[in-house]
Amino acid sequence: MLVLAAARPGCEPAWDPEGGCPGSAAADSAMCVDLQLQTCSDVTYNRTAFPTLLPHRSREAVESSSEYILLSVLHHLLEGQCNPDLRLLGCAVLAPRCEGGRVRRPCRHVCGALREACQPAFDAIDMAWPYFLDCGRYFSGPEEGCYDPLEKLRGGLDIEEALPSGHPPTFIQFTHHSYAQMVRVLRRTAARCAPISKTYSIGRSFDGRDLLVIEFSSRPGQHELMEPEVKLIGNIHGNEVAGREMLIYLAQYLCSEYLLGSPRIQRLLNTTRVHLLPSMNPDGYELDLNRNFPDLTSEYYRLASVRGARSDHIAIPQHYWWGKVGARCRTRGLRLWMRTIPFVLSASLHGGDLVVSYPFDFSKHPQEEKMFSPTPDEKMFKLLARAYADVHPMMMDRSENRCGGNFLKRGSIINGADWYSFTGGMSDFNYLHSNCFEITVEKDQELPPRGERAEPLGQQLQQWGRSKAPDDNWTLMMTVRLRAGMDQALAGGPSVCLASALGLGGREKADGDIAVRSELEEGNQDCEFPKKAPGVHRGIKGMVMDKFGKPVKNARILVKGIRHDITTAPDGDYWRLLPPGAHIVIAQAPGYSKVIKKVIIPARMKRAGRVDFILQPLRTGPQKFLPGSRRGGLGGEPQEPDEEPLGARRQPTTGGSKPWWWSYFTSLGQHQPRWLLKY
């Protein structure tokens, strides 16, 4: 007979508020049977017992219960958040672990930590925390012999591996890393260089693996004023792991050189915050996450034809949220990461050819498979792409028979859509949804060696490390060569993401070196920066403040002739990449008069010039906006893009109506899980 799942089971009179409900007979002794529940097929044990802790008296009773159905759809309802953690935790209650004729309960502290992390996800969809995940009722403590149902997710990540004997702590070993080994290396590296490094997760993959990032900065964990944020991403495709290995080596290199007192690394980390995501796709070879991002390029082409429509920081269209739950889940962590940190530059490392491509990746005429489709920042993107290709030893090879020889006449760079067109690309999404410029580095046609071929991988990486500068050390330049162009990278030379973001060397002009005229609204200020040695980085940085010195968040920085604005970070700082030449730069925010300055960027300079803006409040009349200030041609103030446009449907229900997710349980009749309703 089925247990009525809709009624919220209560505790017996002997309820102990400190320790939870007293254990049932099943907790003391039980007859272990094979676990045959599909939703719980990946737990760390294979024997369970009936009745369960709820209690359900048979496998059929569990499978027909609302609790079990909830576990099977929870990753869809929460759009991948806390998956598979919640499912594994729920399985530990619905199908308890049985060993030696006794049932073991999951640990209470594991439940508590997961509830703290996942409660906001339930609140966001207006759903109550499931009663059977009450940490006090169905879980126990270590003294009672509890176990960790999430142990599988760590997969030996906490096991420390000793370095080869006879080598110093700065030793870097060339080897292929499994996911668990990668996590251990990154955590060990961050611990060894704790003053400048830390690891953090931006979410979980669909199979529950942490998307682990290691960052390097003089103040890890916080954004510093006018310090550019740079991200490098590898392993976008499951079978392209050479990029992952290179970023693992780069992390170790930055740490080792810091410990050895390298002045160049110290300058780098004092002026740049570097984020490395070695494995964006740790789940498998068949996944192509690079095409799972929202298609904002189509929306851009539509807006570009609308007079006065703003075509940057485009919101994710509503239709993206219809279906495709798996695609949304797999890229959610990346999307939130891009919104949380004000990235300036980015590069993704791929395999399959030898070329650097840049946006747009989707053709302006969708039927055209190959069509040159530039962004408004075409000149800047070409500079970034050439900065890498021009110093890459293999891309400099003039032989048409080499890998990527068909791109030789193009200088080993290409507009993405002119190569082949596709939608949902990460580079297009970065450019159209945020301030970040991202290029794609296709670095080779070879799949990486594995296992017994680990040593040839090291030899291959060192071969890529040959540089045209004989006295160079290992490079910070995407690590595609590991050693090439270190000096040039730190001086603004070859590094697409690092050197272009840095502008190291020399000094900025002090305020007294610039003829500053504080003029309102249409006031012009000429700022000419001194010529520097050759460098790739071109652009300006600065602060936008009000007359009291308070930062102006989300102010727009416009450049005349380039229909793509960037916005200030929460602290009021900005970074605008620009090619050499004279530019008219405008700062504007709702409620303030706009300020216009003329900026001259020499062809040769090492670091970005500083241009600050002080905005004066509008005294009378309506707020004024420059053309392009409207989003979608509808008028009104620019809005911050919403990661979750489902917010409207997530509001508390009124008039007794059920929340949107209730439709998943309507077929259960009297067994509907009313314990999930908050109202």
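Is Phe360 buried or exposed? Let's start there, and keep in mind that we are looking at a predicted model. Phe360 has a relative accessibility of 0%, and anything under 20% counts as buried, so Phe360 is buried.

Now, who are the neighbours of this ring? Phe360 forms an aromatic pair with Tyr300, and the pair is tilted, with 5.0 Å from centre to centre and 50° between the planes. These two partners come from distant parts of the chain: Tyr300 is in helix α10, while Phe360 is in the loop between β11 and α12, 60 residues apart. Tyr300 is buried as well.

Phe360 also has a second ring partner, Tyr431. Here the ring centres are 6.0 Å apart and the planes meet at 70°, so this pair is edge-to-face. Tyr431 belongs to helix α14, so the pair ties together parts of the chain that are 71 residues apart in sequence. And Tyr431 counts as buried because its relative accessibility is 1%.

If we step back, these rings belong to one aromatic cluster, made of Tyr300, Tyr301, Tyr358, Phe360, Phe381, Tyr431 and Phe437. Over the whole structure, a search finds 22 aromatic pairs.

Let's go back to helix α10, which runs over residues 297–304. Which of its residues are buried? They are Thr297, Tyr300, Tyr301 and Leu303. Looking down the axis of α10, you would see these buried residues within an arc of 165°, so they line one face of the helix. Here is a handy rule to remember: an α-helix has 3.6 residues a turn, so residues three or four places apart point the same way. What do the buried residues of α10 pack against? They pack against β9, α14 and β17.

Arg97 sits over the face of Tyr147, 4.8 Å from the ring centre. Elsewhere, Lys597 lies over the face of Phe613, and there the distance to the ring centre is 4.7 Å.

One last stop: Leu668, in the segment after β23. With a relative accessible area of 14%, Leu668 is buried, because the cut-off is under 20%. Which residues does Leu668 touch, leaving aside those up to four places away in sequence? The contacts are Ser64, Ser66, Ile69 and Pro673. The C-alpha atoms of Leu668 and Ser65 are 8.5 Å apart, although 603 residues separate the two along the chain.

Key. Residues numbered from 1 in each chain as written. Predicted model: local features only at pLDDT ≥ 70, side-chain atom pairs only at ≥ 80, totals over all residues. Heavy atoms only, no water. Buried < 20%, exposed > 50% of the residue type's maximum accessible area, 1.4 Å probe, protein only. Helix = DSSP H or I, 4+ residues; strand = E, 2+ residues; numbered from the N terminus. Arc of directions from axis to C-beta. Contact = heavy atoms within 4.5 Å. Phe/Tyr/Trp six-rings, centres within 6.5 Å; stacked < 30°, edge-to-face > 60°. Lys NZ or Arg CZ within 6 Å of the ring centre and 35° of its normal.
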